[in-house]
Structure formats: C-alpha cells, structure tokens
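Here is a short report to read with the structure open beside you.

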Amino acid sequence: MGKKVTVVGAGFYGSTTAQRLAEYDIFDTVVITDIVEGKPAGLALDLNQSRAVEGFETKVVGVTTGPNGEGYEAIEGSDVVVITAGLPRKPGMSRMDLLETNAKIVRQVSENVAKYAPNAVVIVVSNPLDEMTALAQLATQFPKNRVLGQAGMLDSARFTNFVAEALNVPVKSVKTLTLGSHGDTMVPVPSKSTVNGKPLREAMPAEQIEELVVKTRNGGAEVVALLKTGSAYYAPSAAAARMAKAVAEDSGEIMPVCAWVDGEYGISGVYLGVEAEIGREGIRRIVETDLDADELASLKAAAEAVRAKQADVANM
C-alpha cells in the first residue's frame with residue numbers, strides 16, 4: 001500500500017478504470033479528475049460507498065480541474081497516471097478524426113502531470129492512441145520508457161474473444177497477439193496465436209482467421225456503431241487497469257502495449273504496438289517475437305504509417 005494512481009477523465013472509460021483500480025485493493029489512493037464540476041467528486045463518493053460491499057480499503061478522491069491547472073495538485077506523488085481525457089468517437093468517425101481536438105487536451109493534461117507528478121509512469125488511452133502517446137511524451141518530456149499507450153492489450157483481448165466464440169472454446173484456452181498501430185494498421189499475429197497450446201492455423205482455416213483479423217481491426221468501430229453515443233469502455237478499462245497494476249506491482253509481466261521502439265524489428269524512433277516487459281519504471285524492455293515475413297512486413301508498414309502522424313503532433 002502507500003501507492004497512488006490518478007485517472008484523468010471521468011467519462012465511462014475513466015470512471016470504470018478508477019473502479020477497477022480501486023477494487024484491486026493494491027493502492028492507497030485512486031484520484032479521478034475531470035473538468036466537469038462536481039462529477040469526479042460524485043463518482044468518488046459513490047465508489048467509496050461500495051468499499052464495504054466489495055471489501056477494499058483503497059480511498060477514491062475526485063477532483064475538478066480547471067483550464068489553468070487548478071486542482072492538479074491532488075495528483076501529486078502519483079506512481080501511475082492514466083490519461084483517458086478527450087472526446088470519444090461517434091459513429092462514422094475514425095480515430096484520426098479526433099486528432100486535433102484531443103491533441104490540445106492531451107498536451108494540457110501532460111504538462112500538468114509533468115508539473116505535479118514528475119516521477120509517474122504515464123499510460124495513455126486517448127485516441128488516436130499512437131499519436132497521443134507520442135504527444136504525451138513530448139509534452140511531459142519524461143524518459144520514453146515512462147510513457148506508454150494502451151492498445152495491444154485491448155486488441156488482443158478482442159481477437160481472443162472472437163476466436164473463442166468462433167470455436168466455442170473457453171476464452172482462457174485461447175492466446176492471441178496483436179502488434180502495430182491501434183487502428184487501420186493493426187497487425188494481428190496468427191503465427192503466435194494458439195488454441196489449447198496448438199497453433200491457431202491448425203484450429204481454423206486461413207480465410208476464417210482473416211475474417212476475425214478484420215473483425216478485430218474494426219472491433220472499436222463496431223461497438224461505437226451499436227452504442228451510437230460514446231465508445232467502448234469495459235474492455236479498454238480492463239486493459240488499462242491491468243497495465244497500471246503491472247507498473248504498481250513492478251511485476252515484469254509481458255504485455256502488448258504502445259511503446260517507443262528503437263532498433264527492435266529493424267524499426268527505430270517511433271511509438272508502436274509491441275510486446276514489452278512492464279515494471280515500476282514503465283517499459284523495462286521491448287520483447288521481440290519471431291514474426292513470419294508477412295507479419296514483419298506489416299509491422300514495418302504500420303511503423304511508417306504512424307511515424308508521419310506522430311511527427312505532425314509535435315506542433316499541436
């Protein structure tokens with residue numbers, strides 16, 4: 001105990017992430033912030049009243065923040081900061097459509113995080129994910145290992161779920177992996193995916209795998225289209241909370257995340273979805289997986305696609 005985690009943004013994503021982090025009962029304090037007056041305090045009050053039922057001691061604190069950094073002193077000493085702030089997608093919108101609006105929000109949040117929680121590990125979940133992760137690192141000026149993005153955990157969870165449903169097997173018997181960007185250049189990795197320990201390619205035909213790959217790539221858009229207002233938050237918050245837990249516990253768990261790649265896979269100087277070992281300092285190391293030729297080519301293409309966009313955000 002004695003650890004502190006902050007969730008910036010009290011929308012569905014942020015509030016669900018805060019709930020999951022509190023219920024782990026490994027933190028002393030979970031701080032939730034938002035620009036909407038009273039909303040974070042109301043959520044904190046409600047969450048604290050669930051402690052007796054769910055049996056956790058973590059205290060939840062809700063703080064309204066202002067345009068000039070008012071309220072951010074509450075995040076002081078945070079070990080981990082999860083940035084969920086920004087607009088969610090609406091039906092028909094791509095993640096890239098959110099770029100300019102969310103860039104302003106993420107920059108302002110990141111500058112306040114650097115000021116009040118200079119030793120924190122930052123986990124970015126705002127869309128477009130790869131670009132916002134790069135922007136948060138530029139704005140905080142934190143070492144690149146201490147700024148990472150949540151993407152691969154969620155995309156792999158979606159891929160796993162689709163495979164399990166298609167084969168009618170338990171979710172825990174399926175292992176899948178997705179790398180690359182969080183979006184159109186996502187790279188699901190069938191060669192590293194298994195069902196009951198056997199290669200996925202033995203469990204289902206290639207064309208069915210490809211269908212599920214496309215379904216995974218469009219996983220977020222499918223949820224957005226059905227909800228009509230807002231975007232996914234149960235699965236995304238589960239993924240972000242698990243990453244924060246790995247940092248807080250210095251677990252060394254290997255997870256697919258958006259991380260700074262510098263030489264791995266022959267790719268350099270870009271934030272990209274790869275597997276990494278997670279600990280107290282954020283990214284301990286990138287874990288290179290043996291990819292087949294097509295997968296490696298797709299990963300390199302994804303790197304080039306996000307590189308140009310990440311260069312754009314430097315000026316936003």
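## Helix H10

Which residues of H10 are buried? They are Pro236, Ser237, Ala239, Ala240, Ala241, Met243, Ala244, Ala246, Val247 and Ala248. Keep in mind that this is a predicted model.

H10 covers residues 234-248, 15 residues in total. From first C-alpha to last, the helix reaches 21 Å, close to the 21 Å expected at 1.5 Å a residue. After H10 comes Asp250, with a positive phi near 50°.

## Aromatic pairs

How many aromatic pairs does a search of the whole structure find? The search finds three. In one of them, the ring centres of Tyr233 and Tyr234 are 4.6 Å apart and the planes meet at 40°, so this pair is tilted. Tyr233 counts as buried, at 18% relative accessibility. Tyr234 is exposed, at 56%.

Trp260 lies in strand S12 and Tyr271 in strand S13, so the pair ties together parts eleven residues apart in sequence. Trp260 is partly exposed, at 26%. Tyr271 is buried, at 0%.

## Charges over rings

The charged end of Arg146 sits over the Phe142 ring, 4.4 Å from its centre. Lys215 places its charged end over the ring of Phe162, 4.8 Å from the centre.

## A recorded domain

An unreviewed UniProt entry places "domain: Lactate/malate dehydrogenase N-terminal" at residues 4-149. In the model, this span is 39% helix and 19% strand. Its end C-alpha atoms lie 19 Å apart.

Methods:
Residues numbered from 1 in each chain as written. Predicted model: local features only at pLDDT ≥ 70, side-chain atom pairs only at ≥ 80, totals over all residues. Heavy atoms only, no water. Helix = DSSP H or I, 4+ residues; strand = E, 2+ residues; numbered from the N terminus. Expected span 1.5 Å × (residues − 1). Buried < 20%, exposed > 50% of the residue type's maximum accessible area, 1.4 Å probe, protein only. UniProt positions renumbered as here; feature names shortened; annotations may be inferred. Phe/Tyr/Trp six-rings, centres within 6.5 Å; stacked < 30°, edge-to-face > 60°. Lys NZ or Arg CZ within 6 Å of the ring centre and 35° of its normal.
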